[in-house]
Amino acid sequence: MNTAPLSTCVFDDITEAIAGPGMGIFPGFLNPAQTAALRRDFATLPDWQLTPAGIGREHAHHNNERIRTDKTRWLDGTTPPQQDYLALMAGLQQSLNRELFMGLRDYECHYARYDEGDFYKKHLDAFRGRSNRRVTTVLYLNNDWQADQGGELLIYAEKGAQPSHRVMPEGGTLVCFLSERFPHEVLPARRQRLSIAGWFRIDDPVAPVLRL
Ligand code: OGA
Ligand code: MN
């Protein structure tokens, strides 16, 4: 994966979206070759390395399969596509800190595989004052997603009952939002659905880590 062609304009657009509405959707954030490199990297992971959601690293105990049924694996930066993606996100972190003084200290992300029928019910990624997560990113890795295949990400306004955005998980699209502000959910898909969900974190000792 060669991240060089990604212009820093995209970082500016994302930064502006976070500063304004608090969220944004960016189709073509990665080009097809970059997306395919990550998809292949994910595909090389053996099944036993995938953690059923809700049993893994410090997950909150209530976060179980009634809420989500996807399988995840943290990126550890041991392959070139992962290194490239983490480097790209480090650039975005810099931009958010420089322009918005967000004080983001690190970024963690996991591959997520939703097999047919898998879902993630409406949730928040962070609760005010109880988590170090500030900004959520979701990057999709699916080739040629069709409208009738389901698997949309629904994003809700803070108090809205109806979703304000409906995102098809098409490869290369990045969604970015303030983790404490936007409830969201993943609808069941009719085919396997791959993504990388990630979180920029601050490092505040009064806000203990709560992983969801
Ligand atoms: C998550 C999440 C959304 C998606 O992992 O917390 O909300 O579209 N993922 O994969
Ligand atoms: Mn989420």
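**Entry 1: ground rules.** I take helices (H or I, at least four residues) and strands (E, at least two) as DSSP runs, numbered from the N terminus. By that rule, Leu 174 lies in strand S9, residues 174-178. This is a predicted model, where local features need pLDDT of at least 70, side-chain atom pairs count only at pLDDT 80 or more, and totals for chains, interfaces and linings use all residues. Residues are numbered from 1 along each chain as its sequence is written, chains are lettered from A and ligands numbered from 1 in the order in which they are written, and side-chain values use heavy atoms, with hydrogens and water left out.

**Entry 2: the whole chain.** I went through the elements and found three helices and eleven strands in the protein chain. Starting at the N terminus, I read their order as α-β-α-β-β-α-β-β-β-β-β-β-β-β. Next I looked up burial, where buried means under 20% relative accessible area, exposed over 50%, and partly exposed in between (1.4 Å probe, protein chains only). Of the 212 residues in the protein chain, 53% are buried.

**Entry 3: the metal.** Which protein residues are donors of the manganese ion (ligand 2)? I found His 123 (NE2), Asp 125 (OD) and His 184 (NE2), lying 2.1 to 2.2 Å from the ion. Donors here are N, O and S atoms within 2.8 Å of the metal (3.2 Å for Na, K and Ca); water is not among the atoms, so sites may look incomplete. Along the chain, the donors of the manganese ion follow the spacing H-x1-D-x58-H. Are His 123 and Asp 125 buried or exposed? His 123 counts as buried because its relative accessible area is 13%, and Asp 125 is buried too, at 3% relative accessibility.

**Entry 4: around ligand 1.** I then turned to the other ligand. I noted 13 residues surrounding ligand 1, the closest being His 123, Asp 125, Tyr 140, His 184 and Arg 193. A residue joins this shell if one of its heavy atoms lies within 4 Å of the molecule. Next I listed polar contacts, which are pairs of N or O atoms within 3.5 Å; within protein, one must be able to donate a hydrogen and the other to accept it, and residues adjacent in sequence count only if both atoms are side-chain atoms. Asp 125 has a polar side-chain atom 3.2 Å from an oxygen atom of ligand 1. For Tyr 140, a polar side-chain atom lies 2.6 Å from an oxygen atom of ligand 1. Arg 193 places a polar side-chain atom 2.8 Å from an oxygen atom of ligand 1. Taken alone, ligand 1 exposes 290 Å², and the protein buries 100% of that. These accessible areas come from the Shrake-Rupley method with a 1.4 Å probe; for residues, only the protein chains shown count as cover.

**Entry 5: which strands hold the shell.** The elements giving two or more residues to the shell around ligand 1 are strand S5 (120-123), strand S6 (133-140), strand S10 (184-186) and strand S11 (193-201). How many residues come from S11? Four, the largest share of the shell.

Entry 6: I went back to Leu 174, which is buried because its relative accessibility is 0%. Leu 174 and Ala 197 sit 9.7 Å apart in space, C-alpha to C-alpha, and 23 residues apart in sequence. Thr 136 lies in strand S6 and counts as buried at 1% relative accessibility.

**Entry 7: loops.** Phe 101 is in the loop between helix H3 (80-100) and S4. I noticed its positive phi of about 50°, although Phe 101 is not a glycine. Phe 101 is exposed, with a relative accessible area of 73%. Asp 144, in the loop between S6 and strand S7 (153-156), also has a positive phi, near 55°. At 49% relative accessibility, I logged Asp 144 as partly exposed. From Asp 144 to Glu 170 I noted 6.5 Å in space, C-alpha to C-alpha, with the two 26 residues apart in sequence. My last stop was Gly 117, found in the loop between strand S4 (106-114) and S5. Gly 117 is partly exposed, at 39% relative accessibility.
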